[in-house]
Amino acid sequence: MQRMPLTCSPVRLLSLLLLLLTALEIMVGAHSLCFNFTIKSWSRPGQPWCEAQVFMNKNLFLQYDSDSNMVKPLGLLGKKVNATSTWGELTQTLGEVGRDLRMLLLDIKPQIKTSGPSTLQVEMLCQREAERCTGASWQFTINGEKCLLLDVMNMTWTVINHEASKIKETWKKDRGLEKYFRKLSLGDCDHWLREFSGHWEAMPEPTVSPVNVSDVHGSSSSLLDTWIILGAFILFVLMGIFLIYIRWQKGEWQAGLWPLKMS
């Protein structure tokens, strides 16, 4: 019996899968934008009471402080953003958010168990994947202790430190505050992320070394997790193709030898 060649070898299938993976990476275009605020209830003259760092895909490209009330660009991406009309809007918004967060800190200070100055660290994160927002969250750290997490996608609060339970109840009852957090995440942050993504993708590679920020929270999907799942799926597909190919060869070989055994 003459062997019939396979119309699509495993090597060719692997090449097609790799091409599909590359196309999927381009199509998905997952990006994240993170704003890290550090707010002090009191600061000495000449020292900022608000400092902010902005990360694109965990790469620091902007810095802000309340003392100068200016945004400092870092790296190629920072210079590109500096040349856009968004720059003035971004500077104004960072200043306003810093003042609002400081008022928030002063309001909850009586509930904080400390007699000295207090600090509030806030991380606002938004993510986009396949041209849509896939994650948005706020994480609050008081005096170095992670306390609260707000998942903006479903507006749910998570208490990380039980001592912050009263603060959570206070903020949860304030519908205006929740609306404010939602507007900044799904409005301003998502808008800037869409704009900055175009500049990011135009660059050959990140020009600033990655800086670790807090882990992605709640239901926010992680780019690393996405590729792990996708890689596992492709591995299972390749294993299945390989087993089918082996069984096909074995069956064909036996079919070819069967007449010889009967003669």
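Are Trp138 and Phe140 buried or exposed? In this predicted model, both residues are buried.

**Nonpolar cores**

The largest nonpolar core has 49 residues. Within this core, the members that touch the most others are Leu33, Phe35, Phe37, Phe61, Trp138, Phe140 and Trp171. Another core, of 5 residues, lies apart from it, and Cys34, Leu60, Leu74 and Leu125 are among its members. In soluble globular proteins, nonpolar side chains tend to be buried together.

Leaving aside residues up to four places away in sequence, Phe140 touches Leu120, Gln121, Val122, Glu145, Lys146, Cys147, Leu148, Trp157, Trp171 and Phe181.

**Aromatic pairs**

A pair of aromatic rings is described by the distance of the centres and the angle of the planes.

| Pair | Centre to centre | Angle between planes | Class |
|---|---|---|---|
| Trp138 and Phe140 | 6.1 Å | 10° | stacked |
| Trp157 and Trp171 | 6.0 Å | 50° | tilted |

Trp157 belongs to strand E8 (residues 156–159) and Trp171 to helix H4 (residues 165–173), so their pair ties together parts that are 14 residues apart in sequence. Trp157 and Trp171 are each buried. Ring pairs also join Trp138, Phe140, Trp157, Trp171, Tyr180 and Phe181 into a cluster.

**Helices H4 and H5**

Helix H5 spans residues 175–202, and its axis comes within 5 Å of the axis of H4, with a crossing angle of roughly 85°. H4 is therefore roughly perpendicular to H5. On the H4 side the contact is made by Trp171, Lys172 and Lys173, and on the H5 side by Arg175, Leu177 and Glu178. By class, the residues of this contact comprise 2 nonpolar, no polar and 4 charged.

**The loop at Asp67**

Where does Asp67 lie? Asp67 is in the loop between strand E3 (59–65) and strand E4 (70–73). With residues up to four places away in sequence not counted, Asp67 touches Gly46 and Pro48. The C-alpha atoms of Asp67 and Cys50 are 7.9 Å apart in space, while the two residues are 17 residues apart in sequence.

Methods:
Residues numbered from 1 in each chain as written. Predicted model: local features only at pLDDT ≥ 70, side-chain atom pairs only at ≥ 80, totals over all residues. Heavy atoms only, no water. Core = buried A, V, L, I, M, F, W, Y, C linked by side-chain atoms within 4.5 Å. Buried < 20%, exposed > 50% of the residue type's maximum accessible area, 1.4 Å probe, protein only. Contact = heavy atoms within 4.5 Å. Phe/Tyr/Trp six-rings, centres within 6.5 Å; stacked < 30°, edge-to-face > 60°. Helix = DSSP H or I, 4+ residues; strand = E, 2+ residues; numbered from the N terminus. Axes fitted to C-alpha atoms, helices over the stretch in contact; angles between N-to-C directions. Parallel < 35°, antiparallel > 145°, perpendicular 65-115°, else oblique. Nonpolar A, V, L, I, M, F, W, Y, C, P; charged D, E, K, R; others polar.
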